[in-house]
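Thanks, everyone. I have a few minutes, so let me get the structure on screen.

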Amino acid sequence: MPCEKELEESISTIAQLGEYMELAPQKEAIIQEIIDIHPMCITPYYMSLIDENDPDDPIRKMAVPSEEELSLIGSYDTSGERENTIMPGLQHKYAQTALILATNRCAMYCRYCFRKRLVGLPTEEIMQRFNGAAKYIEEHEEINNVLISGGDPFILSTEVLSDFLERLSDISHLDFIRFGTKVPVTFPDRILEDDELLTLLGNNSRENRRIYVVTQFNHPREITAKATGAVSRLIRAGVIVDNQTVLLKGVNDDPETLAELQNKLVSIGVIPYYLFQCRPVKRVKSNFQVPLYKGYEIVEAAKKRLNGHSKRFKYMMAHRTGKIEIVGVMDDHIYFKYHQAHAPDNIGKFFKRKINKTAGWLDELE
Ligand code: SF4
């Protein structure tokens, strides 16, 4: 990768972090305790977006470990990923979609990550033999799309990505291939400086079988000139770029920020796809999750500020049983609809739960 050196200069130790921001000795000890369990990695580029004078800076909150990560409320596998695993690195939860966990590495380890259990850590959940996964996909004709995720697949070399695409291109029942990557947000030089990657994506994004990049911008300040340039290069190569935002306390949990984010995304050519409820992940929930009721109010207030194009996203909960849309609130109930479900009979099912203004997840509602 041409910009590998930049990645090697990422901030992963307390000493390196101390070069960018003042840390009280007591804080240093807490951060050390946390990164011994869940590593820290911040690209110099993403670090440059942090306002070092603001202890509540939203960009900082997403990147720098904090004391709240000591809270163990929640679980490490909130969506039942293990129970949908066919073989290491291959999940098949919804009939039409295969999910490949191609690596445990990312350019940055987001503090709110729902795969905290594996990113940057030794794990057996990552793909070991791509051919085995491809063979399974080939034998299951109901699968019409593959999502290559991780970790962040764009951290892999262009050569490895090329092998994946070559193998998948032989499978005639695939309609499209997606890459789930935060590289446009945290490490845009990977896209700006690697012409081979762009050529590879462009050559594989054919008229009748597009490559999609599903990225994750969470705050308008992440939409910089570099990030915009990276998105432009992908679009010019023929790739379609979608965005999945996570609703995060202290980052984007106000209507103005959320509306500005979605408007800016549309202006640079990114399609607003989902707004995810933050999952009740251990070491994440207390620090980042917004209660569902409040989240719904924020989303509706944001949508009042948005044009139709910018409010195409759905407010969703990636639950163990399926993808559930948070549809509305009426009287003393909150209404949901299964957008996607592990049990096919549940797809489209509409249901309600009694409002509990502090609940952050379906299982916490009566
Ligand atoms: S880039 Fe994605 S997988 Fe990696 S830490 Fe961030 S949210 Fe998790």
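One caveat before anything else. This is a predicted model.

Start with the ligand. Ten names to find on your screens. The ligand is surrounded by C106, Y109, C110, C113, R115, V119, G150, G151, D152 and K182. By class, that shell divides into 5 nonpolar, 2 polar and 3 charged residues.

Now look at the backbone there. Which two residues does a cis peptide bond join? The answer is G150 and G151, with omega at about 15 degrees. As a reminder, most peptide bonds are trans. Both G150 and G151 are among the residues around the ligand. G151 sits in the loop between strand 4, residues 145-149, and helix 7, residues 158-169.

Next, R105. Find R105 in the loop that runs between strand 3, residues 97-101, and helix 6, residues 130-139. Buried or exposed? R105 has 17 C-beta neighbours inside 10 Å, so R105 counts as partly exposed. The cut-offs matter here: buried needs 20 or more, exposed means 12 or fewer, and partly exposed is in between.

What does R105 touch, beyond its neighbours within four places in sequence? Its contacts are G120, G151, D152 and I155. Of these, G151 and D152 also belong to the ligand's surroundings. And take G150, the other partner in the cis bond. R105 and G150 are 45 residues apart in sequence, yet their C-alpha atoms are 7.3 Å apart in space.

On to the helices. Two packed helices are described by the angle between their axes and the distance between the axes.

First pair: helix 6 and helix 7. They pack at an angle of about 25 degrees, with axes 10 Å apart. That makes helix 6 roughly parallel to helix 7, because angles under 35 degrees count that way. Their crossing is right-handed. Who meets whom? From helix 6 come F130, N131 and A134, and from helix 7 come D163, F164, R167 and L168. The contact residues of helix 6 with helix 7 split into 4 nonpolar, 1 polar and 2 charged.

Stay with helix 7. Helix 7 also packs with helix 10, residues 195-204, at an angle of about 10 degrees and with the axes 10 Å apart. So helix 7 is roughly parallel to helix 10. On the helix 7 side, the contact is made by T158, L161, S162, L165 and S169. On the helix 10 side, E196, L197, L200 and N204 make it. In this contact of helix 7 with helix 10, 4 residues are nonpolar, 4 are polar and 1 is charged.

The angle is about 55 degrees, and the axes are 8 Å apart. That makes helix 12 oblique to helix 14. The crossing of helix 12 and helix 14 is right-handed. P255, L258 and A259 of helix 12 meet I298, A301 and A302 of helix 14. What is the make-up of the contact of helix 12 with helix 14? There are 6 nonpolar residues, no polar and no charged.

D189 is found in helix 9, residues 189-192. D189 is buried, because 20 other C-beta atoms lie within 10 Å. Leaving out residues up to four places away in sequence, D189 touches C3, E6 and Y45. D189 and Y45 are 144 residues apart in sequence, and 8.9 Å apart in space, C-alpha to C-alpha.

Last, two phi values. Most residues other than glycine have a negative phi. R283 is not a glycine, and its phi is positive, about 70 degrees. R283 lies in the loop between strand 8, residues 271-277, and helix 13, residues 285-288. R283 counts as buried, because R283 has 24 C-beta neighbours inside 10 Å.

D331 also has a positive phi, near 50 degrees. D331 is in the loop between strand 10, residues 322-330, and strand 11, residues 333-341. Where R283 is buried, D331 is exposed, with 7 other C-beta atoms within 10 Å.

That is the tour. Over to you.

Key. Residues numbered from 1 in each chain as written. Predicted model: local features only at pLDDT ≥ 70, side-chain atom pairs only at ≥ 80, totals over all residues. Helix = DSSP H or I, 4+ residues; strand = E, 2+ residues; numbered from the N terminus. Contact = placed C-beta atoms within 7 Å. Axes fitted to C-alpha atoms, helices over the stretch in contact; angles between N-to-C directions. Parallel < 35°, antiparallel > 145°, perpendicular 65-115°, else oblique. Left-handed = near helix turned anticlockwise from the far one by under 90°. Nonpolar A, V, L, I, M, F, W, Y, C, P; charged D, E, K, R; others polar. Near = placed C-beta within 6 Å.
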